[in-house]
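The following exercises treat side-chain pairs and their place in the fold. Each task is followed by a solution in steps.

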Amino acid sequence: MAISRRVGLAAAIAGSAVAGTVLPFTAHAASAAVLHVNNAYNANCSDGGTGTQAQPFCTVQAAANVAEPGQTVQIAPNLRLVGQVTIKRSGLPGKPIVFKGDIPYDTPSSLVGTDSWGQGETPAAHAFVFEGVHDVTLTGLSLAAPQEAVLVKDSARIVLDRNDVSGGNPVFNGVRAYPEATPTIRVTGTSADVTVSRTRSYGAPVAGVAVEAGVSGTVVTTNQIVEATGRGVIATDAPGTIVVGNTFARNCQTDLELAGTSTGAVVENNILYKWPASQCTGTYPTATPLVVSAGSTQGTKVDYNSVVRSSPVSYSWGGTSYATPEDFRATGQGAHDNDANPQFNQVMEYEPAGTVGLTDAADPTAPGMLATDLYDRAPADHPLPDTAPAGFRDRGAIELQDPLHVELSGRPAPVRDHPLNASFWGDFSAGWSGTGTLDFGDGSAPLAVRSEFSFPDHDYPAAGTYTATLTGTSQSGLVRTATSKVTIAPVPDLGAQFTWGNGDRSRAQVTVAAQTTSPWPVARHVFDFGDGTAPAVVEGPNTPAPLTHEYGVGGTYTITETVTDDHGRSASSSRAVRVAGPQAGVPFTGYFGGPTSHNGLFDNGRWALSYNKSDSTPSSNWSFGDPGDLPVVGNWDNTCQCQSGIYRPSTSTFALKHGDGSVSTVQFGDPGDVPVVGAWDRGRNDQLAVYRPSAGLLAVRHDDGTVTTLRFGDPGDLPVVGDWDGVQHAQFGVLRPGRNAGDPNLFILRHDDGSVSTATYGEKGDLPVVGDWLGTGRTTFGIFRPSTHVFALSNAYAGRADVAYTLYTSTY
């Protein structure tokens, strides 16, 4: 059965060191050629080529046939290379030939040989055969075959490292391909100095590793040999065998047997965990974990092993059985042996738990000990008491690691009042004991954290990309970090918005409600109600309670809100608001019969017109429009007199009432515009126009549907339209209110030739009126003073005295 590696293989085996033993290889020169093997789809492979990466060999055998000392045969990951590879070429001391299948973490290793699920294949006996060769390394592969997965015969300085192996007579296509079961790895003949290291063997029918008569100097180190129906390791008549740092678990027969005359052996730092015989099938000669024959005791050392038996016997030494490690010490061996249960976590593939007697309990000076464990991990000092003479090596093939764990993720999480906020989550597990800090990457002081999933949010000082780092440090000095990049967007603009209402129309009051859009907390709102009174100041928050303001009289006012946030940013918004209630009304002028212009007042849909310019009582009253509308007067019907109309600022709609009583509507302008009407097209009838005070922009809608614009005036000016030049069509002008109460107003009038004339008339608070008061065919100006209801009409252009009179709407 092929076993996929679950952990990444390290760089080449060349260069590793086995403590106490001179390994038969070193790192080959950086300039050594690499031969590539890759039979994947579209790999463009050829066994007749030179093994370049662009045209690799299709089979390992083709590469093996030409490999030179110091060369590496690089086998691509996740391949299935069916067939036996026979190694016939040798390397040199210090320049081995390396067959390398090292692969990244989590990538399936390549299989060489024949797996037990093959269909329609003729299974080769072996995956690799080494016969009469020397200085060859095999690393990083899954190896499977019906006989020995690896057979080493009459060879020297062979290294088998970081491989997964299975074999020994599995079933192919429903039958066994060979009559006899065999070891998974066999070392035989006159072989010498063979190393089997960091290899995983599963389910061996005879033995995971068999070292046979005539073999010397074999090193079996840091391997995991588990769930075999046969033995773990058996060495027969093989002097100098070293078996150190291995994990034997749930094997049905003996975990380790030194048979015949295997003298001078070293058996140290192993875990031998027996599976009860009831879990196995068949009859076995013994279930004793460790067996050393009488001919193998001479010069052999057994110590620092953990032996957990399932039968009455733990050891057989020279033919005598011993039930416990304490009993075994009578032989002079096993002074530090124990029966500490590893409590394997099989999910982690036989990783033991932290246990006194296993953790930091191995002899680091034992011959054959590697610098790293089965998964290439360095030793870690467990907080449990050390029981070894020096260092902190664990027994078995796996070095228990500090479970110190850090994990970090972050994302922008702007919320109200915290636009530069970010959220973080992840994990900090202190492991054997440790501390954690979270550095947000902006120069602020790192935050101490405990084991948790969610970390506090953090406000960054400005927009940008930051790298947050979670660092865990164990008491033994182990440091692990995790990082997360967070990109913080720029802070959105501050927006000053408000709504208004005039619910009680019997009073000249307005209620405003701020609807500020602010990423930062609002420090204050300032409302200027446009009537000369002191602005109202409201200290925060973003949405304060509605604010009510009482005017002296109803009318149209420009309300301005200025908002300032707690970062010193400001924004303003203005709206022209029509306020109902007791008021003087809005003045209008037009030809309603006769040669001169007549004045009137519009108040909440009620019209009051005066014909005689002397009586405070209106000559005529009628209704048209609603509260909030503005009056417009013009010649809609191409007759000799004007008709009334209204402009509704909320919908930018003109409603024009014709002489036959019908009403036509035209939508033109934007909310906040002021309507102005005049004979722009030099005809008898008038055209519509609007003036935008905030931009000083006049827009005229002509009879043919075109629109022309003129920029004239400053923000806050009031528009006026009349025939200043007596040329039978309209010219434009503005009234610029005085700056302070009592200051004079300035009329600025634009003539056809582009010249501008000015005149002062009235004072701040007055509203402009224009008309031909004397019937001369030329328009002049005047004012209406809301506070006294007085019209004052200038006749200076004709050398006549001004006219002043009072007019009331009688609406309330």
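## Exercises on a predicted model

In this predicted model, Arg736 has a relative accessibility of 27% and counts as partly exposed.

**Exercise 1.** Carry out the analysis for Asp673 and Arg692, which form a salt bridge.

Step 1. The closest N and O atoms of Asp673 and Arg692 are 2.8 Å apart.

Step 2. With a relative accessible area of 3%, Asp673 is buried. Arg692, at 26% relative accessibility, is partly exposed.

**Exercise 2.** Find the salt-bridge partner of Arg198 and state which elements hold the two residues.

Step 1. Arg198 forms a salt bridge with Asp161, and their closest N and O atoms are 3.2 Å apart.

Step 2. Because Arg198 lies in the loop between β17 (195-197) and β18 (200-202) and Asp161 in strand β12 (residues 156-161), the pair ties together parts that are 37 residues apart in sequence.

Step 3. Arg198 and Asp161 are both buried.

Step 4. Through salt bridges that share partners, Asp161, Arg162, Arg198 and Asp376 form one network. The count for the model comes to 23 salt bridges.

**Exercise 3.** Classify the ring pair of Tyr315 and Phe328, and then that of Phe592 and Trp622.

Step 1. A pair of aromatic rings is described by the distance of the centres and the angle of the planes. The count of aromatic pairs is 24.

Step 2. The ring centres of Tyr315 and Phe328 are 3.9 Å apart and the planes are at 5°, so the pair is stacked. Tyr315 lies in strand β31 (residues 315-317) and Phe328 in helix α2 (residues 325-328), so the pair ties together parts that are 13 residues apart in sequence.

Step 3. Tyr315 is buried at 0% relative accessibility, and Phe328 is buried at 0%.

Step 4. For Phe592 and Trp622, the ring centres are 6.2 Å apart and the planes are at 55°, so the pair is tilted. Phe592 lies in the loop between β48 (586-590) and β49 (598-603) and Trp622 in strand β51 (residues 620-623), so the pair ties together parts that are 30 residues apart in sequence.

Step 5. Phe592 is buried, at 13% relative accessibility. Ring pairs link Phe588, Phe592, Phe602, Trp607 and Trp622 into a cluster.

**Exercise 4.** Locate Ala536 and list the residues that Ala536 touches, not counting those up to four places away in sequence.

Step 1. Ala536 is in strand β44 (residues 536-539).

Step 2. Ala536 touches His525, Val526, Phe527, Phe529 and Leu547, with residues up to four places away in sequence not counted.

Step 3. Ala536 and Val526 are 10 residues apart along the chain, and their C-alpha atoms are separated by 5.6 Å.

Methods: Residues numbered from 1 in each chain as written. Predicted model: local features only at pLDDT ≥ 70, side-chain atom pairs only at ≥ 80, totals over all residues. Heavy atoms only, no water. Salt bridge = Lys/Arg side-chain N within 4 Å of Asp/Glu carboxyl O. Buried < 20%, exposed > 50% of the residue type's maximum accessible area, 1.4 Å probe, protein only. Phe/Tyr/Trp six-rings, centres within 6.5 Å; stacked < 30°, edge-to-face > 60°. Contact = heavy atoms within 4.5 Å.
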